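Welcome! Let's take a friendly walk through a structure, one topic at a time.

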Amino acid sequence: MQADGVIGKYAIGGAVGATLYLEPAATLDVDIFVVLPEVPGSKLLSLTPLYDYLKARGCAVQDEHIVIGDWPVQFLPPTNQLEQEAVAESVETTVQGVPTWVMSAEHLVAIALGTGRSKDHIRIVQFIEQDAVDRNKLQAILERHGLSAKWQRFEQKYLEGAHE
Amino acid sequence: MSKQEMRKRLAALSFSEKVKILEKLRDRSLALAGSGLRRKVVGKVGNSREKME
């Protein structure tokens with residue numbers, strides 16, 4: 001898709017992205033943050049060319065997902081600077097020999113903190129308990145994106161005594 | 001093997017091996033959801049009532 005110019009840089013986020021660093025946990029879909037090529041003469045970004053490309057290759061649309069193989073995939077254009085940075089600084093890995101990009105552990109934690117659902121909080125605790133994040137790198141990201149105060153509240157609520 | 005050791009061992013697997021496990025977990029979740037055995041939560045969090053579907 002990148003080679004065909006349908007998408008720019010991309011990175012796997014969400015629960016599947018977190019799996020690069022943690023033990024696997026049940027999830028039903030894959031979140032892929034994707035930079036879309038700009039359409040000349042338009043400031044609007046559209047997922048239509050991406051969906052058309054995949055539908056032409058036999059993928060079915062299922063609500064907000066498009067099914068690739070057996071996985072419902074949600075393509076998400078980055079909506080803020082944190083997500084843009086997470087895509088830009090993603091980590092290269094491979095799945096069965098195929099190269100792919102996954103967000104860094106620190107960006108996954110920062111995005112989960114920003115999103116703030118119960119399942120995001122649980123995932124953050126897993127990252128911390130399993131020592132899967134570089135705390136200095138995380139702090140720098142949180143400061144850069146205005147999440148330090150939220151992190152302090154999260155630490156007080158969920159992480160006090162986590163390493164006792 | 002303790003639960004902690006098991007988690008570390010699973011976390012240390014390659015991404016390819018983890019994706020295979022994710023696929024099994026996904027299929028199991030879908031099978032459970034399709035079986036009607038999963039509890040459906042009704043009402044608000046903190047004041048929820050549960051019922052069997």
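Predicted model: local features only at pLDDT ≥ 70, side-chain atom pairs only at ≥ 80, totals over all residues.

Residues are numbered from 1 along each chain as its sequence is written, while chains are lettered from A and ligands numbered from 1 in the order in which they are written.

**The two domains of chain A**

- Chain A is assigned domain 1 (10–103) and domain 2 (106–159), with bounds that come from an automatic or database domain assignment.
- Between the C-alpha centres of domain 1 and domain 2 of chain A there are 22 Å.
- Across this boundary, 12 residues of domain 1 of chain A are in contact with 11 residues of domain 2 of chain A (two residues are in contact if their C-beta atoms, placed from the backbone, lie within 7 Å).
- On the domain 1 side, helix H1 (14–18) and helix H3 (81–88) of chain A each supply at least two residues; helices (H or I, at least four residues) and strands (E, at least two) are DSSP runs, numbered from the N terminus.
- The largest share of that side, 5 residues, comes from H3(A).

**A look at helix H5 of chain A**

- Helix H5 (residues 118–129) of chain A has 12 residues and should span 16 Å at 1.5 Å a residue, which agrees with the 17 Å between its end C-alpha atoms; the expected span is 1.5 Å times one less than the number of residues.
- A:Asp120, A:Arg123 and A:Ile124 are buried in H5(A) (buried means 20 or more other C-beta atoms within 10 Å of a residue's own, exposed 12 or fewer, and partly exposed in between, with C-beta atoms placed from the backbone).
- Seen down the helix axis, the buried residues of H5(A) fall within an arc of 100°, so they line one face; the arc is that of the directions from the helix axis to the C-beta atoms.
- The exposed residues A:Ser118 and A:Ile122 sit on the face of H5(A) turned away from its buried side.
- Among what covers the buried residues of H5(A) are H1, helix H4 (105–115) and helix H7 (148–159) of chain A.
- Just after H5(A), A:Asp131 takes a positive phi of about 55°.

- Chain B has 2 helices and 2 strands, running α-α-β-β from the N terminus on.
- Of the 53 residues in chain B, 8% are buried.
- 15 residues of chain A are in contact with 13 residues of chain B.
- Strand S6 (residues 91–95) of chain A gives the largest share of the chain A side, 3 residues.
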